[in-house]
Amino acid sequence: MSRDAEDHGRNLERVYGPLTWTLYEQLDVSSNPRSPDWLRGLAAGLLPPDGSVLDAGCRDAAHLIQLARDLPGITGVGVEPVPVHVRAAEEAVVAAGLSDRVKIILGEIATVAGQGRTFDLVWCRDVLEQVADLPGAVADLARLTGPAGLLVVFTTVTTELLAPAEAALLGHHLGNVAANLSRDAVEAAFTAAGLATVATHEIGTEWREWSEERGRPVSKALLRLARLRRDRARFVAAHGAEIVAHVEANLHWEAYQFLGKLLPIVYVLRPEPDH
Ligand SMILES: C[S@@+](CC[C@H](N)C(=O)[O-])C[C@H]1O[C@@H](n2cnc3c(N)ncnc32)[C@H](O)[C@@H]1O
């Protein structure tokens, strides 16, 4: 037997030996990742008991409602440009019995900024990826944050692990703006808007691990992706190529977070006094 073959034989023994398989067993045990609810806890610690909060891009107001439930003294405003989300948010606020403390506005971040109001806390979760004008939206968020207020931004940026072909695939997402996924662009927009960073929390894979340990959403996304690709022509005929390409891109989002090609980050920011 050649030396290479002997070496390879030893490697096969190691691959199928206890040192290797006990590692897999250890990896079946949770490493206690932070849950997405951690963000609400962070925000709660930044708000005065009777504080005001703006949920910029609130979708169905699920997070705003939970925040208002956690903190019975606060008032909240949610702004959201998609009418179907606004209707769902309004219904959810009524169903939660929070109509006296939580209001929903149909519009964009700019709509509320134009009203000249400020809030003790501006919460902008998973929205900057989608705004048409990143510097403009961030400047509006800074305006909406009162002089002693704070801004909490959760967003996702690309990393050096994302290959050009993968970035091109993500580019078919109809909601996201590719340029907004640049960490440099996001942080430059903060600086230009006169926002100082109080804290940066790289979430990495933690929220994904937490969710996957419970509901296997990425497994579901990959199964959908495989079905989409195996029968693409049928789906394109029924839904059009653009929607199919968008769904294909979206089904990569969470898997790419898992693989470190996309990095979820939380920023806590405050307006610079003299900006
Ligand atoms: C990925 S969802 C996140 C929703 C919610 N914040 C959450 O964390 O579940 C992005 C939301 O941002 C909204 N959005 C996009 N552009 C916006 C803008 N300029 N102003 C306010 N909301 C915007 C979208 O309509 C969508 O509901």
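This is a predicted model: local features need pLDDT of at least 70, side-chain atom pairs count only at pLDDT 80 or more; totals for chains, interfaces and linings use all residues.
**Close-up views of the ligand site and an aromatic pair**

View 1. Residues are numbered from 1 along each chain, and side-chain values use heavy atoms, without hydrogens or water. Local features need pLDDT of at least 70, side-chain atom pairs need 80 or more, and totals for chains, interfaces and linings use all residues.

View 2. A backbone N or O atom of Gly 57 is 2.7 Å from a ligand nitrogen atom. At Ile 109, a polar backbone atom lies 3.0 Å from a nitrogen atom of the ligand. Of the 600 Å² of accessible area that the ligand has on its own, the protein covers 89% (Shrake-Rupley method, 1.4 Å probe).

**View 3. The shell around the ligand.** The ligand is surrounded by 14 residues (a heavy atom within 4 Å). Among the closest are Pro 81 and Arg 125.

**View 4. An aromatic pair.** Phe 154 and Trp 207 are tilted, with centres 4.7 Å apart and planes at 35 degrees (pairs have centres within 6.5 Å; under 30 degrees is stacked, over 60 edge-to-face, the rest tilted). Phe 154 is in strand β5 and Trp 207 in helix α10, so the pair ties together parts 53 residues apart in sequence.

Definitions and conventions:
A polar contact is a pair of N or O atoms within 3.5 Å; within protein, one must be able to donate a hydrogen and the other to accept it, and residues adjacent in sequence count only if both atoms are side-chain atoms. Rings of Phe, Tyr and Trp (its six-membered ring) pair if their centres lie within 6.5 Å; planes under 30 degrees apart count as stacked, over 60 as edge-to-face and the rest as tilted. Helices (H or I, at least four residues) and strands (E, at least two) are DSSP runs, numbered from the N terminus.
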